[in-house]
Amino acid sequence: KAVVSTQSTGELQQKTKTVAVTTMSFALGEVNSFLVGSEEGTLYSSSRHGNKAGINEAFEGHHGPVTGLDYNKAVGQGDFSHLFISSSTDWTIKLWNNKLSKPLYSFENANDYLFDVKWSPIHPAVFASVDAMGKVDIWNINTDTEVPIVSLQTGTRTALNRLQWSANGRELHIGDCDGKVYVYELKEKLALPHNEEWKRLNDTLNEMQQRVTEVPLAV
């Protein structure tokens, strides 16, 4: 069962099939609509109440259980709240636009299961991911979409299964399967966005969306 409020629980169903929810995310300031990832690899947009309560749309792209899911929540010179990312045991991270049913881009640099992914809370183009090999990757899609800008390896190589950014975007808090928590501090040049980052991301997304839809879709 999926938790849909602090007072009630309910099953999410796609037609006659109950969805096994593995992760979820709300957009910034949203309290009704949300996204969930599932064991089958599909993502679903859902609502807690109203005429569209339950599952609304499906986003297909992963070929394994969805392990991480996060809306872009950076606030600045552009609105990228329609963007979200997802990680999976299929070794990929997918970048999505909630207006499109298929991914904008697939990041395929991993060599093992990916267990979590999160956007920076302050930089619109930066996100981090963790995997089963004990590796932390930090990406800036304004700089490179093929490889992360930083890769960190824990000494034990124990699988890392959770990550969380600090509110100021300067620290990453990482949890592993042995119950240990690691804290990494990022340098300012990696963590803090310049004024042009929002425009650069808009240009990057337009290029991606043209490849997917063959039609430019400006933010």
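Analyst: The buried residues of H2 pack against strand E10 (83-88), E11 and strand E12 (105-107), where contact means heavy atoms within 4.5 Å. Helices (H or I, at least four residues) and strands (E, at least two) are DSSP runs, numbered from the N terminus. This is a predicted model, in which local features need pLDDT of at least 70 and side-chain atom pairs count only at pLDDT 80 or more, while totals for chains, interfaces and linings use all residues. Residues are numbered from 1 along each chain as its sequence is written, and side-chain values use heavy atoms, with hydrogens and water left out.

Among the buried residues of H2 are Trp198, Leu201, Leu205, Met208 and Val212. Buried means under 20% relative accessible area, exposed over 50%, and partly exposed in between (1.4 Å probe, protein chains only). Helix H2 covers residues 197-213; at 1.5 Å a residue its 17 residues should span 24 Å, and the end C-alpha atoms are 24 Å apart, which agrees. The expected span is 1.5 Å times one less than the number of residues.

Strand E11 (residues 93-97) contains asparagine 97. Asparagine 97 counts as buried because its relative accessibility is 1%. Its side chain reaches the backbone nitrogen of lysine 99 at 2.8 Å.

Conventions: Polar contact = N/O pair within 3.5 Å; in protein donor to acceptor, adjacent residues only side chain to side chain.
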